[in-house]
Amino acid sequence: QVQLVESGGGLVQAGGSLSLSCAASRRPFSNFAMAWFRQAPGKEREFVAAISWGNGGSTRYANSVKGRFTISRVNAKNTVYLQMNSLKPEDTAVYYCASERETFGLGSSMKESYAYWGQGTQVTVSS
């Protein structure tokens, strides 16, 4: 049973920063692209950021977070991170990490490309 466990969510004021972590049990971790999605109340789950397999040399971001969020991975720790800076109230959502279905991918922005999901961590940004 593959498990993805997110941590690091919380409450922060607008303009602040948070760092999310996601520890994955899927092996070998380095063979799979990883991503972060988010879901706000009453809205569909949306893509935030993705990082390619291997050393994570390729990343992609939603336009709404580009320049503010950074995705990274440490394969030795089987962990993917999301550093979130200059947070806005509209960033408030439950954040999910996901592991791509196929090996050796670049990290899709489509949620259908992901086979495994974490339970989510709440991020709340107050104005």
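A disulfide is a pair of cysteine sulfur atoms within 2.5 Å, and the close-up views below, drawn from a predicted model, begin with such a pair.

**View 1. The disulfide of C22 and C97 in the predicted model.** The structure holds 1 disulfide, formed by C22 and C97, whose sulfur atoms lie 1.9 Å apart. The link is right-handed, with 45° about the S-S bond.

**View 2. The strands that carry C22 and C97.**

**View 3. S113 in the loop between β9 and β10.** S113 is found in the loop that lies between β9 and β10, the latter comprising residues 114-117. With a relative accessible area of 23%, S113 is partly exposed, because this class lies between the buried limit of under 20% and the exposed limit of over 50%.

**View 4. The surroundings of S113.** Leaving aside residues up to four places away in sequence, S113 touches E100, R101 and S108. With one of these residues, S108, the side chain of S113 makes a polar contact of 3.2 Å to the side chain of its partner. S113 and E102, which are 11 residues apart in sequence, have a C-alpha to C-alpha distance of 7.9 Å in space.

Definitions and conventions: Residues numbered from 1 in each chain as written. Predicted model: local features only at pLDDT ≥ 70, side-chain atom pairs only at ≥ 80, totals over all residues. Heavy atoms only, no water. Helix = DSSP H or I, 4+ residues; strand = E, 2+ residues; numbered from the N terminus. Buried < 20%, exposed > 50% of the residue type's maximum accessible area, 1.4 Å probe, protein only. Contact = heavy atoms within 4.5 Å. Polar contact = N/O pair within 3.5 Å; in protein donor to acceptor, adjacent residues only side chain to side chain.
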